[in-house]
Amino acid sequence: MLKVEHVFKTFNPGTITEKKALKDLSIHLAPGDFVTVIGGNGAGKSTMMNSICGTFLVDKGSITIDGTDITSWPEHRRAKFIGRVFQDPMMGTAAGMQIEENLAIAARRNRRPTFAWSAPGNQRERFREMLASLGLGLENRLESKVGLLSGGQRQAVTLLMATMAEPKLLLLDEHTAALDPKTAAKVLEITNNIVTERKLTTLMITHNMRDALALGNRLVMLHDGHIIIDVAGEEKKNLTVPDLLKMFEKAAGSEMTNDRLLLS
């Protein structure tokens, strides 16, 4: 489904602030893979995700989604393949519009645009069912402005919007990092339910090793712009946080000192 092959990206080349963010990075995701991504600050996690989205073009290498080479495509053109949820709950929704209006916009994704934002009656019932599945009581608040929701509620709505059109690839960019632990756990539960039930091919960046081990069928760790750990299946299921730290030290030749990554 996703093929990132031999990708390089350098920021500010030839200057004193030059940063080689990605160095011969390659990763392949099969349809339905749910891959958690971890790594210290500056490891290349967000750069990898932004290169897939087309936030910037890579210097070298190729990116393919569902057999289509999108390496040179601009960000807006790639959006028809990709659903994305950001770290900031304020992104991904229109705060001044109602919940149902936001959902109606997402439902018309990749369709011909119109000036009608509200949802027809049959869609409204569908929206209620989808919101009820979140377990947050939002099914009776269709006319509430999204800007009045809590961070967790808003992030859950953003998840629905990002997945409503069944994207080829779902990207979750530390989407629970700005939430309190209890709310983050609820949003992760919702995330897992949506991804597994719909078999969505997903990349999820997290700084929490325990979450990275608990969710998904595969885990990759980035360090210094490339992947140093890639585990899946039973091997991943049997890993603990101490095991993962030992694997990092062996692969990177150094000790993990990033406090955010040690969260458990």
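These legends walk through several close-up views of the structure shown above.

This is a predicted model, in which local features need pLDDT of at least 70 and side-chain atom pairs count only at pLDDT 80 or more, while totals for chains, interfaces and linings use all residues. Residues are numbered from 1 along each chain as its sequence is written, and side-chain values use heavy atoms, with hydrogens and water left out.

**View 1. The six-strand sheet, an open sheet with mixed pairing.** The strand order here is β6-β7-β8-β3-β9-β10; strands (E, at least two residues) and helices (H or I, at least four) are DSSP runs numbered from the N terminus. Two strands count as paired if DSSP finds at least two bridges between them. At the edges stand β6 and β10 (226-232), each with a single partner strand, so one side of each is left without a neighbour in the sheet. From one strand to the next, the twist averages 20 degrees. Strand β7 (residues 169-173) runs parallel to β8, joined by four bridges, and D173 has I205 as its bridge partner in β8. Helix α1 packs on this sheet, touching β3, β6, β7, β8 and β9, and its direction makes about 145 degrees with that of β7. Contact means heavy atoms within 4.5 Å; axes are lines fitted to C-alpha atoms, for helices over the stretch in contact, and angles run from 0 to 180 degrees between N-to-C directions.

**View 2. Strand β3 (residues 34-38), mostly covered.** Five of the five residues in β3 are buried, where buried means under 20% relative accessible area, exposed over 50% and partly exposed in between (1.4 Å probe, protein chains only). In a regular strand the side chains alternate between the two faces of the sheet. Here F34, T36 and I38 point one way, and V35 and V37 the other. Strand β3 runs parallel to β8 (residues 202-205), with four bridges between them, and V35 is partnered by L203. Four bridges also join β3 to β9 (residues 218-223), again in parallel; there I38 has M221 as its bridge partner.

**View 3. R218, a buried residue in strand β9.** The relative accessible area of R218 is 11%, which means that this residue counts as buried. Among the residues it touches, not counting those up to four places away in sequence, are F34, V35 and T36 of the neighbouring stretch, along with D230, V231 and A232. R218 and G233 are 15 residues apart along the chain, and their C-alpha atoms are separated by 6.6 Å.

**View 4. The four-strand sheet, open and antiparallel.** Its strand order is β2-β1-β4-β5. The edges belong to β2 (19-29) and β5 (68-69); each has a single partner strand, so one side of each is left without a neighbour in the sheet. Strand β4 (residues 60-65) and β5 pair over two bridges, and T64 stands opposite D69 in β5. Helix α1 (residues 45-53) packs on this sheet too, touching β1 (2-11), β2 and β4, with its direction at about 65 degrees to that of β2.

**View 5. K3, a partly exposed residue in strand β1.** K3 has a relative accessible area of 41%. Leaving out residues up to four places away in sequence, K3 touches I27, H28, S62, I63 and T64. The C-alpha atoms of K3 and D66, 63 residues apart along the chain, are separated by 8.5 Å.

**View 6. E166 and E174, with positive phi values.** Most residues other than glycine have a negative phi, and most peptide bonds are trans. Phi of E166 is near 50 degrees, and E174 has a phi of about 50 degrees. E166 is in the loop between α5 and β7 and is partly exposed, at 45% relative accessibility. E174 is in the loop between β7 and α6 (181-198) and is buried, at 9%.

**View 7. The largest pocket, with a volume of about 400 Å³.** On a 1 Å grid over the protein atoms alone, a pocket is an open set of points where a 1.4 Å probe fits, with protein on both sides within 12 Å along at least five of seven lines; lining residues have an atom within 4 Å of a point. Grid points are joined across faces, edges and corners, and the volume is the space filled by probe spheres set on them. Of the 15 lining residues, A79, I82, G83, R84 and R109 are the closest to the centre. The elements giving two or more residues to the lining are α2 (75-78), β6 (82-85), α3 (99-107) and α5 (151-163).
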